[in-house]
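Work through the exercises below with the model open. Each task is followed by a solution in steps.

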Amino acid sequence: AASVKAGKMPEGEKMRQCKQEEGQQQKEEEREGLIEFYSSYQELFQFFCSNTTIHGAIRLVCSKKNKMKTAFWSVLFFLTFGLMYWQFGILYREYFSYPVNLNLNLNSDRLTFPAVTLCTLNPYRYSAIRKQLDNLDQITHQTLLDLYDYNMSLPRSDWSTLSTQKRSSRSLLHHVQRHPLRRQKRDNLVNLPENSPSVDKNDWKIGFVLCSENNDCFHQAYSSGVDAVREWYSFHYINILAQVPDAKALDESDFENFIYACRFNEATCDKANYTHFHHPLYGNCYTFNDNSSSLWTSSLPGINNGLSLVVRTEQNDFIPLLSTVTGARVMVHDQNEPAFMDDGGFNVRPGIETSISMRKEMTVRLGGSYSDCTEDGSDVPVQNLYSSRYTEQVCIRSCFQLNMVERCGCAYYFYPLPDGAEYCDYTKHTAWGYCYYKLLAEFKADVLGCFHKCRKPCKMTEYQLSAGYSRWPSAVSEDWVFYMLSQQNKYNITSKRNGVAKVNIFFEEWNYKTNGESPAFTVVTLLSQLGNQWSLWFGSSVLSVMELAELVLDFIAITFILAFRWFRSRRKLSPPGPPPNSQDNTAFQDEAPALSAPHRFTVEAVVTTLPSYNSLEPRGPSRDGEVGHE
């Protein structure tokens, strides 16, 4: 028989032993471990609020007996916390919008003179296409006579030449009849008959008809008859130019008959200082100071230290239906940039001295996330068709030309020719005009996406121009000026006043402005602003942030420890399954006591307090009981 001894020591001895064990256990609990955690979330939160440097946190635990105060400070604390993070969100949103500061700098230095392009405003009757142009003039003469009863005068030589060109004019007449110049009623008068008294001559729109290969036609109309006739004539003129197999056949430069005098910095210009190209609408064009090997430099600002030109503005052998102005067209641009005379040029009046003062202005933009600019255009999905550096206008025109080749099967004559393509000509591409004007409407509406694809360059140079005008030559000096021009340049114009002009281009001052960009919100600025907000709402520092990080880590660690203990306790409480062949082992164990004599044993129970889980430091094993055998 087994008996359990409850203990025979005196009561006082038992109490003393229990106190000693409690004191020893308390000392072990107070001893700090290498890694120490709290036994509950409440203890962790209370310790944090009592010892943190964050203002207001102590108020959450110092008034436990006053629940109203505790609730009030809890609401106030978390409301302040939410407002601070709302301000954090505003700061982050501003930071990731990548704002920039504009920096204006004034620099003073010797300036490189820009390139200057001057055009005659006189589309020339080149010998390679003279016969076709004479035929087109005859057809236009008859068209204006039928539409407006206007008898356009032509030189007699042209009429005599046209009588021997019937065979060549038939082909041109066939294509002109496919694209006739017509009048059309305005939209509100379409249903009225033509001979209606309410229909006036001003109620008609004039334009020309363009048809596709499937005979789908539309009327390209204009509110002005002058614009309509000029656009219609230009359309056929471009087709004639495109039929010339070699573009060099149109290169008929006559520099001496256009530029009477050229000086820069009081020195005479020569042929090494200019290049020549032909423009379909502006005639012969000359670009000065475009040679990168020997660029002009202005030694001083002022009219005497710039470029001075005397140009001939008489329209000799001109095309009146293509050019309706007299004078010259000038444009100032940077080197290695094409001269787009339609965009940045302006006209010079005959008989006038035009003085153009310049101020240089450079713009440097931040790339990357700060702006949608490009360094050299290599990251723009548009092929550069020009033999120059990247500009936004170069990209836009290249984009249109590439779409023109893809959609219409040929290239527009005004822009460079892509590899493997040919210029549009209605003798080969009968419906290119229909395709071109449809594509042009989509281009202007940005359906093609050229304005989105083409980005601004990160670095660009512009010239701010201001012009002054005066009569040249004056009334008292015109006699000897024209006499000298006639002796040196064979100047024999009847209307002398309208046959010559003078242009002066110079720097107004040496100072030039640079517009630069710098980041307005850097990482240092962001951290500073975040710190300001943290100090405003909680009066804390960086170490307070580390205390919050420590709180989060402790919270995660306690969660894992409690989860691990719960999982281990669940495994101890669940009964293990019976092992295999348990029936035989059980029968054997049941018979064993019957064969042996009974043994007596004593169990002494020792009651101890369970250890706390304040520390993960390993402790000695405790026993719930001691078993002895007698």
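**Exercise 1.** Describe the chain over residues 534-564 in this predicted model.

Solution. Step 1: take the secondary structure; residues 534-564 are 90% helix and 0% strand. Step 2: take the ends; their C-alpha atoms are 36 Å apart. Step 3: turn to the record; the unreviewed UniProt entry lists 534-564 as "transmembrane region", along with 71-92. Step 4: repeat for residues 71-92, where the chain is 100% helix and 0% strand, with end C-alpha atoms 32 Å apart.

**Exercise 2.** Classify the ring pair F235 and Y437 as stacked, edge-to-face or tilted.

Solution. Step 1: the structure holds 35 aromatic pairs. Step 2: in the pair of F235 and Y437, the ring centres are 6.5 Å apart and the planes meet at 50°. Step 3: stacked needs an angle under 30 degrees and edge-to-face one over 60, so at 50° the pair is tilted. Step 4: locate the partners; F235 belongs to helix α7 (residues 225-242) and Y437 to helix α11 (residues 432-444), 202 residues apart in the chain.

**Exercise 3.** Are F235 and Y437 buried or exposed?

Solution. Step 1: buried means under 20% relative accessible area. Step 2: F235 has 3% relative accessibility, so F235 is buried. Step 3: Y437 has 8%, so Y437 is buried as well. Step 4: both rings belong to one aromatic cluster, whose members include W432, Y436 and F443.

**Exercise 4.** Which ring does K360 lie over, and which does R397?

Solution. Step 1: K360 lies over the face of Y512, 5.2 Å from the ring centre. Step 2: R397 lies over the face of F340, at 4.1 Å from the ring centre.

Note on methods: Residues numbered from 1 in each chain as written. Predicted model: local features only at pLDDT ≥ 70, side-chain atom pairs only at ≥ 80, totals over all residues. Heavy atoms only, no water. UniProt positions renumbered as here; feature names shortened; annotations may be inferred. Helix = DSSP H or I, 4+ residues; strand = E, 2+ residues; numbered from the N terminus. Phe/Tyr/Trp six-rings, centres within 6.5 Å; stacked < 30°, edge-to-face > 60°. Buried < 20%, exposed > 50% of the residue type's maximum accessible area, 1.4 Å probe, protein only. Lys NZ or Arg CZ within 6 Å of the ring centre and 35° of its normal.
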